[in-house]
Amino acid sequence: MYEPILEALRRSDAAQAVIAAEQAVAADPQDVGAHRLHAAALRLNGDPASALAALDRAIGLAPEDAQLHLERAGALLDGRQLDQAQAALAQAIGLDPNQFPAYVMRAHLAIARGDLDEAERLGRTAARIAPNHPQVAAVEGALALHRGDPDRALAVLSHAAELAPDDSQILHSLGFAYFAKGHFAFAEGAFAKLAERYPEQSSLQLLIADLLRRQDRFADAADRIAPLAQAADAGFGVQRWAGELEIDAGRPERALPLLRAALAAHPQDPRTLNAIMEAWRRLGDIEDARRTLESALATHADQPNLWRARLALEPFAGAEALAVVERWHQAMPQYLGALEARAAIHDQHGEHEQAEAIAQRIVELSPGDARAEMRIVQGLAERDPDAAVERIERLIAMAADPLVKRELRQLLGRSLDLAGQPAAAAATWAELHAEVADQRLPRNAISARGSDEWPALAPIADGSRGILLLWGAPGSQIERVAQVLRLAGAPLLVDRFGAQPPTDPLQRYGTVDELVAGKLDPAFLAKLYRAALPARGAADGPVFDWLLWWDNALLRALRPNLAEALLLIAVRDPRDMLLDWLAYGSPTPYALETPEAGARWLARLLEQIADLHERELFPHALIKLDEIGQDPGAIAQTIADTLRVQISLPEGVGLGGERLPPGRWREYGEALGECFAVLTPVARRLGYPEQ
């Protein structure tokens, strides 16, 4: 919906840009992006006051958006009516080229409009007139900031602030330079100085609150904007954000009135609903939640997010949940979400035929609906795999979305397996892996087999904290062991697989080469590992660490320096592991260019595990999941026996979908025979039969 605005802005067609932006804002008044583009159009159209108002509306919806505040800082120049003064400035420069202030003002205006090259040209001219003037540094620093060089910006602007500590423009830019560098306390100080000077600018209070939030000073942030959030003309976004800050500050009772007001203004907003649901959860006031949501539904029964929130208050698939779903369906009979919720309840009660019938109804209402079609073909795959293959192939030909097409091809592979076509199934899976190999992690290099000489295994020191290192190769189904540990309440660290992994040596691929080459001191590795644990959430107590990769070269560091650790390794028949990797991927998203390449790598990796096990190179245990991989209770008991602890799981827990049964590799002997031949020797070493 932004394209007409953007196209008009590219053409510098201010009038058309304003019209298109006004239409976008009218279509969705809560769209922050529409307000932002409206401001840009208004500035292009020579209406700085309205542009500033549009940015303020955007900030009211997203007060924690730092980019909006930066744009507002630029728009303030327009608010000083410098746009209207451009002609006079140009005339002044024409009459007297030494009119230094005119060059500086025009440079800031160019920066505000994104014309950085013009701003740089004007800044150079100003520098020739007064090279040591702080305003020259202000232009240079602002340019560096907008070009993504916060280090340069900070150096220049800090010097400018020393020369002109009360200059508002320098303070603005300096604050954002600190912000860009992540120096939030210093940025807070710069903007607080401005806020004292301009107490009427509410946007500065919001910006300071965001800086406090980024320092985890949630209560201070909430207190900073409390007057704004409680004002009669408070914006919906400010009320919502204030409520979220109160929750983060551990004050849900103060959050609730703010979030009620935000919910009343926009009952369909998912972020508000998430926040108020969290406030109710912390307060334990389910009845108030029911009353409030029922009141909202009385006047907004066409809002699916409200129904979802209301449904979440009831036990899953219980009688109360069913009653809510029935009301939802009556209020929105054509809405697919209500039908999907009803199908989920049927599935939970084992009423798969009824769930599939609803999926058929969804397909009638929305031909090609991916989730409904998946539900239908999954049912077909269980009853009639050949029919499932035929339907999936038809859907693949019809699908326009590459992701949907890929998901269907994955399901096709499983259906071909069930239909007794292993060669076609293996080929389908192999193609899927090959297509995304360049988007996956390279398989970590495996060190050469070690000699018989290893560092001595150190005695465990008194008072050592227990460390469990969990690992499994692709296809081992190690994720099921991890899932059971988490269900049992173990503080398992899974950050190595997340968006912010640790940077310790057990994460970096290069660690193995460095150990082998003697470039990394083994004792230093162990020291770095322990030092990183508090930041990962393991400051005290036993450590449960799920490793991204393994190589026996790590024993050079672990044997003498981390002897209190226990390595828990999940294994299955290596040939089943390769097949599982092909069919389902792996928690560590390794590239698998061909099954043959994967088999060679997997064989070398498992040879190391066999060495470790046969020669007892480190305290460890092998958990064989071949027969128990589908049974969380059996996995829990095996872990309990291994660790000599008591483990209990919540009732009725499951481990997700069915996987290929143990021994299925034998059906693939013709398609993957060469791969299995590579893996058979290590399979024998791990205790599996040759055939």
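This is a predicted model: local features need pLDDT of at least 70, side-chain atom pairs count only at pLDDT 80 or more; totals for chains, interfaces and linings use all residues.
Colleague: Thanks! Let's start with helices H9 and H10: why are they called roughly antiparallel?

Modeller: Helix H9 (residues 134-146) and helix H10 (residues 150-163) pack at about 155°, with axes 8 Å apart. Angles under 35 degrees count as roughly parallel, over 145 as roughly antiparallel, 65 to 115 as roughly perpendicular and the rest as oblique, so H9 and H10 are roughly antiparallel to each other. The axes are lines fitted to C-alpha atoms, for helices over the stretch in contact, and the angles run from 0 to 180 degrees between N-to-C directions. The helices themselves are DSSP runs (H or I, at least four residues; strands are E, at least two), numbered from the N terminus.

Colleague: And which hand does the crossing of H9 and H10 have?

Modeller: H9 passes H10 in a left-handed crossing. That word applies if the near helix is turned anticlockwise from the far one by less than a right angle, and right-handed applies if clockwise.

Colleague: What makes the contact between H9 and H10?

Modeller: On the H9 side the contact residues include Pro134, Ala137 and Leu145, and on the H10 side they include Arg152, Val156 and Leu163; contact here means heavy atoms within 4.5 Å. By class, the contact of H9 with H10 has 11 nonpolar residues, one polar and two charged. In that count Ala, Val, Leu, Ile, Met, Phe, Trp, Tyr, Cys and Pro are nonpolar, Asp, Glu, Lys and Arg are charged, and the others, Gly among them, are polar.

Colleague: How do you know that H13 and H14 are roughly antiparallel?

Modeller: The axes of helix H13 (residues 202-214) and helix H14 (residues 218-230) come within 8 Å and cross at roughly 165°. That angle puts H13 and H14 in the roughly antiparallel class, therefore the name. Their crossing is left-handed. Among the contact residues are Leu206, Ile208 and Arg213 of H13 and Phe218, Asp220 and Arg224 of H14. This contact of H13 with H14 divides into eight nonpolar, two polar and three charged residues.

Colleague: Turning to aromatics, how many aromatic pairs does the structure hold?

Modeller: Nine. Rings of Phe, Tyr and Trp (its six-membered ring) pair if their centres lie within 6.5 Å; planes under 30 degrees apart count as stacked, over 60 as edge-to-face and the rest as tilted. Ring pairs also link Trp581, Tyr590 and Trp601 into a cluster.

Colleague: What makes the pair of phenylalanine 179 and phenylalanine 184 edge-to-face?

Modeller: The centres of phenylalanine 179 and phenylalanine 184 are 5.7 Å apart and the planes are at 80°, so the pair qualifies by distance and is edge-to-face by angle. Both phenylalanine 179 and phenylalanine 184 are buried. Tryptophan 665 and phenylalanine 676 are edge-to-face too, at 5.4 Å centre to centre and 80° between the planes.

Colleague: How do you know whether tryptophan 665 is buried or exposed?

Modeller: Buried means under 20% relative accessible area, exposed over 50%, and partly exposed in between (1.4 Å probe, protein chains only). Tryptophan 665 has 6%, so it is buried. Phenylalanine 676, at 4%, is therefore buried as well.

Colleague: And what is the class of threonine 588, alanine 531 and glycine 350?

Modeller: Threonine 588, in the loop between H31 and H32, has 6% and so is buried. Threonine 588 touches Leu441, Phe497 and Leu548, not counting residues up to four places away in sequence. Alanine 531 lies in helix H29 (residues 522-532), and its 58% makes it exposed. Glycine 350, in the loop between helix H21 (336-348) and helix H22 (352-365), has 45% and is therefore partly exposed.

Definitions and conventions. Residues are numbered from 1 along each chain as its sequence is written. Side-chain values use heavy atoms; hydrogens and water are left out.
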